[in-house]
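Here is a short briefing to read alongside the structure.

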Amino acid sequence: MDETTRKANIRLAVILGLVALGFYLLMIFFNPL
Amino acid sequence: MSTATTTHDEHLDHHGPAPGLLRWVFTTNHKDIGTLYLLFALMMFFVGGALALGIRLELFEPGLQFLDPHLFNQFTTMHALIMIFGAVMPAFVGFANWQVPIMIGAPDMALPRMNNWSFWILPFAFAMLISTFFMPGGAPAGGWTMYPPLVLQGGANLPFLVFAVHLMGISSVLGAINIIVTILNMRAPGMTLLKMPLFVWTWLITAYLLVAVMPVLAGAVTMLLTDKFFGTSFFNAAGGGDPVMFQHVFWFFGHPEVYILILPAFGIVSQIIPTFARKPLFGYESMVYATASIAFISFVVWAHHMFTVGMPLAGELFFMYTTMLVAVPTAVKVFNWTATMWRGSMTFETPMLFAIAFVILFTIGGFSGLMLAIVPADFQYHDTYFVVAHFHYVLVTGSVFAIIAGVYYWLPKWTGHMYNETLGKWHFWLSAISVNVLFFPQHFLGLAGMPRRIPDYAIQFADWNWVSSVGGFVFGLSQLLFAYIVFSTIRGGEKATERVWEGAHGLEFTLPSPPPYHTFAEPPKITEAEAHS
């Protein structure tokens, strides 16, 4: 795996991880349901 | 001397797995991790299956014979948690690990070390969950839906349940992130999104669902934990909270979860049917859009699980109509599978038999789902055995049959050996007949008014419960044959060819059987014959 792909993979994984964390915190602190 | 000029990467291309058991602990290879997931899932199938047999044993005749009511409730709760989170989901992640990289021409998953971590969290989560059976007060007994206030009134198991769910959630989200990143960033040149095999498409969409809803479940159980131990009142009416809000939050996770459990099954069946019909999949693009539509609609149907809580009429109508809307893309899929088989040169090897059984029996589960979507009818069906029959048709003859079909289909590729076709057919017919004996009578029991989650019942329900239990034991024991077939194929057998099946297409079938430890270090060339397959 070349360095550019490796960095792109990590960047996308971090974004998705933050989205997941966001949903978790949203449900507890600003529950829209 | 030549070693001095060998680069590290070239060296990696040639080496195989590390020797000994530590290979499995430290592995970052997608094939090894796929195998670990699949073996873990198989083990959990048998643990969850043993609990199911305990349930059917108790329900074999009226009265209390083997399990006291509290233990019975623990069995139903743990059966569901183990089967959903320990068996079906890890089995599909196992398929994704093995198949996604070799179907899109990638050398491995995008984040191999995270992949190792995703798997190894699971055994600890389930060890913690199952250990609750040995605690004072026993295992969770309030149902897998964990509704408060009941779940807060159990024994010492709540923190273990909550932490186990958190760990399963972390494992699933990390696995899903890995799958999304692999599919979006690691495809071989020329493998455009609309050339990907349908199994890869269904997993891409499933992975997005996982990232969106597993944190919602984690949030819901965190709030249960703080209600129990830290004085909050999220779901406590006496403190200004609302127990029904838990149901909303839970099912906002729970309904997409249902599609997480079925979309990869659609993908597996969409690979198998074209192979044995010797025709390309009918309506490839409509399959992709139907999958995406099902995933989208899954976010706006959740309250059909709670029609009886006393929602406003407008809410009941909204959720009834959105639920019925799911039938449209699902029907597109069923028609496409049927059209793929239409005038094909069909043969009926074991994977195809399970795939055809999937199409027919999953559709029965879909139809009973439509019945349950009708609000006034649901008031009668709610919490009866009709619901149990419905979701077992969807999850057992749906998800589990697709998993079994997928194992028979790809096992020769994974192991390099053909399984025993005669035993495979025995396994199919025993399973297909007994699973209907097991679950079809539960429709009758539910319509006659037998409630679910009870260890004893009125005498009028005795006959069909007897039949259902006999079916359950035959089905359960038939799966021992499946385990025997799998392990004997791993050990040896007739050599599988590269293509394995005459009508098989796809990049995985351009590799030797079994594929080498490292594949596609150089990206493959995508030909028209292997696209869409």
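This is a predicted model. On chain A, a nonpolar surface patch of about 1000 Å² is made by Ile10(A), Val14(A), Ile15(A), Leu18(A), Val19(A), Leu21(A), Phe23(A), Leu25(A), Leu26(A), Phe29(A) and Phe30(A).

**Val19(A) in the patch**
- Val19(A) is one of the patch residues.
- Helix α1 of chain A, residues 3-29, holds Val19(A).
- Val19(A) is partly exposed because its relative accessible area is 36%, between the 20% limit for buried and the 50% limit for exposed.

**Nonpolar cores**
- The largest nonpolar core has 190 residues.
- Phe85(B), Phe95(B), Phe126(B), Met146(B), Trp337(B) and Phe358(B) touch the most other members of this core.
- Helix α5 of chain B (residues 69-104) gives the most to this core, with 22 residues.
- A second, separate core has five residues, among them Ala377(B), Tyr381(B), Phe386(B) and Val387(B).

**Helix α6 of chain B**
- Helix α6(B) covers residues 112-131, 20 residues in total.
- From first C-alpha to last, α6(B) reaches 30 Å, close to the expected 28 Å.
- Buried residues of α6(B) include Met114(B), Phe119(B), Ile121(B), Leu122(B), Phe126(B) and Leu129(B).
- Asn115(B), Asn116(B) and Ser118(B) are also among the buried residues of α6(B).
- The cover over these buried residues includes α3 (22-26), α4 (30-58), α5 and α7 (158-185) of chain B.

**Contacts of Phe126(B)**
- Neighbours within four places in sequence are left aside here.
- Phe126(B) is then in contact with Phe40(B), Met44(B), Leu81(B), Ile82(B), Phe85(B), Gly86(B) and Met168(B).

Key
Residues numbered from 1 in each chain as written. Chains lettered and ligands numbered in written order. Predicted model: local features only at pLDDT ≥ 70, side-chain atom pairs only at ≥ 80, totals over all residues. Heavy atoms only, no water. Patch = residues over 30% accessible without salt bridge, like charges linked within 9 Å, V, L, I, M, F, W, Y side chains within 5 Å. Areas by Shrake-Rupley, 256 points an atom, 1.4 Å probe, with all protein chains shown as cover. Salt bridge = Lys/Arg side-chain N within 4 Å of Asp/Glu carboxyl O. Helix = DSSP H or I, 4+ residues; strand = E, 2+ residues; numbered from the N terminus. Buried < 20%, exposed > 50% of the residue type's maximum accessible area, 1.4 Å probe, protein only. Core = buried A, V, L, I, M, F, W, Y, C linked by side-chain atoms within 4.5 Å. Contact = heavy atoms within 4.5 Å. Expected span 1.5 Å × (residues − 1).
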